[in-house]
Amino acid sequence: MRSERWAPRVTVATVVSRAGQLLLVEEEKAGRRVLNQPAGHLEPGESLLEAAVRETREETGWDVRLTAFIGSYQWAAPDGTPFLRFAFAAEPVLHHPEQALDDGIVQALWLTPAAIQADMARLRSPLVWQTLSDWLAGQRHPLSLVRQVP
């Protein structure tokens with residue numbers, strides 16, 4: 001008897017911090033505006049680290065430098081879609097305000113943790129606050145824990 005293979009959607013996210021504020025994106029999802037970290041799907045042949053930097057640039061117009069691995073998060077969306085998210089801490093390096101943002105992204109926002117917590121109903125998924133909560137608690141691991149083996 002053959003069992004069904006678990007095949008999650010692999011995503012990356014970054015927590016980008018500057019002067020007490022965090023970089024989030026406001027995006028259109030299922031007819032409503034939600035808040036998320038810069039995040040997206042891993043592409044074929046891409047490392048998790050490369051994906052995190054790319055997705056942040058595409059969704060916010062910011063180049064970032066990854067500073068730490070926050071953690072990995074397994075979650076099933078309400079429709080049953082499984083996700084495996086790898087989250088990274090980053091610092092902003094250079095902004096490209098002229099860059100068009102990814103489809104569905106309304107704007108990039110710098111918000112305080114308190115402002116984000118006050119707007120929990122708008123978070124795209126529980127992954128957003130869990131990742132931020134872990135980052136706020138000081139959870140940081142060396143980037144060397146995330147490796148791409150040739």
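1. Is Arg 122 buried, partly exposed or exposed? Arg 122 counts as partly exposed, at 23% relative accessibility. This comes from a predicted model, as do the other values in this note.

2. Arg 122 has a salt-bridge partner. That partner is Glu 26, and their closest N and O atoms are 2.6 Å apart. Arg 122 sits in the loop between helix H2 (113–118) and helix H3 (126–136). Glu 26 belongs to strand S2 (residues 21–29), so the bridge ties together parts that are 96 residues apart in sequence. Glu 26 itself is buried, at 8% relative accessibility.

3. The structure holds 10 of them. One joins the side chains of Glu 58 and Arg 54, at 3.0 Å from N to O. Both residues lie in helix H1 (residues 48–60). They are 4 residues apart, about one turn of the helix. Glu 58 is partly exposed, with a relative accessible area of 25%. Arg 54 counts as buried, at 16%.

4. Another bridge links two strands. The side chains of Arg 65 and Glu 91 meet at 2.8 Å, N to O. Arg 65 is in strand S5 and Glu 91 in strand S6, 26 residues apart, so that the pair links distant parts of the chain. Arg 65 is partly exposed, at 43% relative accessibility. Glu 91 is partly exposed too, at 33%. There is also a network: salt bridges with shared partners join Glu 43, Glu 46, Arg 54, Glu 55 and Glu 58.

5. Now the strands S5 and S6 themselves. They pair in the antiparallel sense, over 13 bridges. Ala 68 stands opposite Ala 89, which is in S6. The hairpin of S5 and S6 has 5 residues between the strands. In this hairpin, Gly 80 takes a positive phi near 95°.

6. Aromatic rings come next. The count is 3 aromatic pairs. Phe 69 and Phe 88 form one that is tilted, with 5.5 Å from centre to centre and 50° between the planes. Phe 69 lies in S5 (residues 62–76) and Phe 88 in S6 (residues 82–95), so this pair ties together parts that are 19 residues apart in sequence. Phe 69 is buried, with a relative accessible area of 11%. Phe 88 is buried as well, at 0%.

7. The charged end of Arg 18 sits over the ring of Trp 110, 4.1 Å from the ring's centre.

8. Which residues does Ile 116 contact, leaving aside its neighbours within four places in sequence? Ile 116 is in contact with Leu 22, Leu 24, Leu 111, Leu 123, Trp 129 and Leu 132.

Key. Residues are numbered from 1 along each chain as its sequence is written. This is a predicted model: local features need pLDDT of at least 70, side-chain atom pairs count only at pLDDT 80 or more; totals for chains, interfaces and linings use all residues. Side-chain values use heavy atoms; hydrogens and water are left out. Rings of Phe, Tyr and Trp (its six-membered ring) pair if their centres lie within 6.5 Å; planes under 30 degrees apart count as stacked, over 60 as edge-to-face and the rest as tilted. Buried means under 20% relative accessible area, exposed over 50%, partly exposed in between (1.4 Å probe, protein chains only). A charge sits over a ring if NZ of Lys or CZ of Arg is within 6 Å of the ring centre and within 35 degrees of the ring normal. Two strands pair if DSSP finds at least two bridges between them. A salt bridge is a side-chain nitrogen of Lys or Arg within 4 Å of a carboxyl oxygen of Asp or Glu. Contact means heavy atoms within 4.5 Å.
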